Amino acid sequence: DIARESCTAFSNIEYVRMDMSANNLTVTPCDFAICINAILTDSLNKRINFFQSLSLCLHNAGDLILVVPSLESAMYTGMIRDRWKIDKDKSSTDTSPRTAIRKLRNLKQGNVEIDAVPTKHYLQAELELLLTMEGFAIQSISKVEYSWKTEFTKPPKWLQAPYPWDWMCIAKKKE
């Protein structure tokens with residue numbers, strides 16, 4: 001709705017919202033797609049469907065802008081949180097072996113728990129591989145940086161760059 005309201009001067013735009021991770025998704029190819037933090041599921045099958053749907057929904061030579069959470073950034077933030085004990089609530093820390101095993105399995109798949117919900121984060125190299133395998137030529141991958149306030153309730157004043165980031169990938173579907 002926000003995009004539709006912002007672009008009223010353009011009559012050649014169609015706005016479509018759909019579950020790109022659904023099985024047997026039927027899509028009409030378009031020239032341009034933008035996905036911002038849309039592939040967050042911890043389900044590998046749904047992520048596979050999503051990336052395949054991305055390829056199906058674009059014409060050959062169609063353009064894609066994709067923004068996803070960075071696993072490198074999540075790990076960097078976690079190291080800072082642990083080293084300087086920022087926003088660490090000891091009363092809610094579950095150190096049971098079962099919890100530790102679950103968190104390790106999640107992390108090995110790039111799933112970071114945010115408010116106890118496993119959320120997929122991507123390595124830069126992983127993102128390059130996934131898009132290439134679905135027929136995209138990557139034009140650039142860059143960091144979209146955020147304030148430390150997105151990661152910590154009260155970040156210390158000394159905490160500066162490098163800031164937490166997501167990956168932004170600009171790609172073109174191969175002809």
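This is a working chat about the predicted model of a single chain.

Me: I'm new to this one, so how many helices and strands does the chain have?
Reply: The chain, which is seen here as a predicted model, has five helices and six strands. Read along the sequence, they follow the pattern α-β-α-β-α-α-β-β-α-β-β.

Me: And what does the C-alpha trace span along its principal axes?
Reply: The span of the C-alpha trace is about 55 × 35 × 30 Å along those axes. The chain has 175 residues, of which 29% count as buried, and it exposes about 11700 Å², with carbon and sulfur atoms supplying 55% of that area.

Me: What about contacts, how many join residues at least 24 apart?
Reply: If you take the contacts between residues at least 6 apart in sequence, 73% of them join residues at least 24 apart.

Me: OK, on to the inside. Which residues of the largest nonpolar core touch the most other members?
Reply: That core has 22 residues, and those touching the most other members are Phe 51, Leu 54, Leu 64, Leu 66, Leu 127 and Leu 131. Two or more residues of this core come from each of strand 1 (30-36), helix 2 (44-56), strand 2 (58-69), helix 5 (124-133), strand 5 (136-145) and strand 6 (165-173). Apart from it lies another core, made of five residues, including Ile 86, Trp 148, Phe 152 and Leu 159.

Me: Pick Leu 66 for me: what does it touch?
Reply: Leaving aside residues up to four places away in sequence, Leu 66 touches Cys 35, Ile 39, Phe 51, Leu 54, Leu 127, Leu 131, Trp 167, Met 168 and Cys 169.

Me: Changing topic to helix 3, which of its residues are buried?
Reply: Helix 3 covers residues 71-84, and its buried residues are Leu 71, Ser 73, Thr 77, Gly 78 and Ile 80. These buried residues pack against strand 2, helix 4, strand 3 and strand 6. As for its length, helix 3 has 14 residues and reaches 20 Å from its first C-alpha to its last, which is close to the 20 Å expected at 1.5 Å a residue.

Me: What comes just after helix 3?
Reply: Just after helix 3 comes Lys 85, which takes a positive phi of about 50 degrees.

Me: And helix 4, how far does it reach?
Reply: Helix 4 has 12 residues and reaches 16 Å from its first C-alpha to its last, again close to the expected value, which is 16 Å at 1.5 Å a residue. Helix 4 is followed by Gly 110, whose phi is positive, near 85 degrees.

Me: Is Asn 106 in that helix buried or exposed, and why?
Reply: Asn 106, which is found in helix 4 (residues 97-108), counts as buried because its relative accessible area is 13%, and the cut-off for buried is under 20%. Not counting residues up to four places away in sequence, Asn 106 touches Asn 111, Glu 113 and Pro 118.

Me: Which residues have a positive phi without being a glycine?
Reply: One of them is Ala 61, with a positive phi of about 70 degrees, and its place is in strand 2. Another is Asp 115, with a positive phi of about 50 degrees, which sits in the loop between strand 3 (111-114) and strand 4 (117-120).

Me: Why does Asp 115 count as exposed, and what about Ala 61?
Reply: Asp 115 counts as exposed because its relative accessibility is 74%, where exposed means over 50%. Ala 61 has a relative accessible area of 26%, so it is partly exposed.

Me: Where is the cis peptide bond?
Reply: The cis peptide bond joins Ala 161 and Pro 162, with omega at about 0 degrees. Pro 162 lies in the loop between strand 5 and strand 6.

Me: Last topic, His 59: what does it touch?
Reply: His 59, whose place is in strand 2, touches Pro 29, Cys 30, Asp 31 and Lys 173, not counting residues up to four places away in sequence. His 59 is partly exposed, with a relative accessible area of 36%.

Me: And how many residues separate His 59 from Lys 174?
Reply: His 59 and Lys 174 are 115 residues apart in sequence, while in space they are 9.0 Å apart, C-alpha to C-alpha.

Methods
Residues numbered from 1 in each chain as written. Predicted model: local features only at pLDDT ≥ 70, side-chain atom pairs only at ≥ 80, totals over all residues. Heavy atoms only, no water. Helix = DSSP H or I, 4+ residues; strand = E, 2+ residues; numbered from the N terminus. Buried < 20%, exposed > 50% of the residue type's maximum accessible area, 1.4 Å probe, protein only. Contact = heavy atoms within 4.5 Å. Core = buried A, V, L, I, M, F, W, Y, C linked by side-chain atoms within 4.5 Å. Expected span 1.5 Å × (residues − 1). Areas by Shrake-Rupley, 256 points an atom, 1.4 Å probe, with all protein chains shown as cover.
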